[in-house]
Amino acid sequence: MSNTPQPAPVAEERIELKARNVSFEWEKTPLHWIPGDPFTGHTINVLHLLLPAGERWFVHVYKQVLPYITDDRLREDVIGFIGQEAMHSAAHDDVLPHLKKLGLDPTPYTAQVDWLFEKLLGDRTLPPGRAREWWLMERVATIAAIEHYTAFLGNWILNAETLDRRGADPMMLDLLRWHGAEEVEHRSVAFELFMHVDGGYRRRVRTWATAFTALAFLWQRGARFFMDNDPTPAVGKASLGAFYRAGKKGMLPSTPSMLKSIPRYLSRTYHPSQEGSTAQAVAYLASSPGANGGR
């Protein structure tokens, strides 16, 4: 257990975490679900490529770390987190057959992502004791860094009104906002677990650098994969310039806001409750059609 002083939450917002049985129907969702903007849609579509394997990996690692948790309340939060992440993985996985039906087969890219999480970041043949525990703590810290960005993205999608004004597909928006709301809802769990079992600042910085680099690399590769393999003629190319311009328009997270999130996470006083609003997340979850039986 960590002896490192833990940053305090901004406010006491803890609620019981639970997996919601969600339902989404994709038959009416077009390939370009943001009218006239395939680049933005495909950039967001990368979530469907990364999250199924990534969140299965989260669940796998957290099941291994459960015996290290000595705080009953945190254990309950981690179990609730595991349930929500498993549902996220399944929901995004369900989108992939629809994309394939529309002429965009994601299998070549998802195979690479599966390799990353199952082999590169998976279990290793290590002797019991310090070496095995070190690798487990590295992965727990990496998940905390990734969850910083999923909370950032969750807060962004909940407030991305430009997507509504541009006529984005309501079903896809509901999937993204249901997921984003749950990321905001459980945004403190991964960080608090890391602080509980380890909390080392050097490990936090090191694994942040690894996670940030990997996410940036995988995201740009995923966007390029989608744009290059889109069956529609002349959809254009993915580029950093296109990402920056879409961010300025509110269609994607802005580059300045993403850069400003870095020192927040690296601050010694950081706590995830600084990101987003639990009240807003819970309100959306109460109204989400997909999270409430498709009503």
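In what order do the elements of the chain run from the N terminus on? They run α-α-α-α-α-α-α-α-α-α-α-α. The chain has 12 helices and zero strands. Helices (H or I, at least four residues) and strands (E, at least two) are DSSP runs, numbered from the N terminus.

This is a predicted model, where local features need pLDDT of at least 70, side-chain atom pairs count only at pLDDT 80 or more, and totals for chains, interfaces and linings use all residues. Residues are numbered from 1 along each chain as its sequence is written, and side-chain values use heavy atoms, with hydrogens and water left out.

**The whole chain**

| Property of the chain | Value |
|---|---|
| Box filled by the C-alpha atoms, along the principal axes | roughly 55 × 40 × 35 Å |
| Distance between the centres of the positive and negative side-chain sets | 6 Å |

Lys and Arg count as positive, Asp and Glu as negative; His and the chain ends are not counted. Each charge is placed at NZ of Lys, CZ of Arg, CG of Asp or CD of Glu.

**One residue**

Thr-278 lies in helix 12 (residues 278-287). Thr-278 is buried, with a relative accessible area of 8%. Buried means under 20%, exposed over 50%, partly exposed in between (1.4 Å probe, protein chains only). Of the 295 residues of the chain, 52% count as buried.
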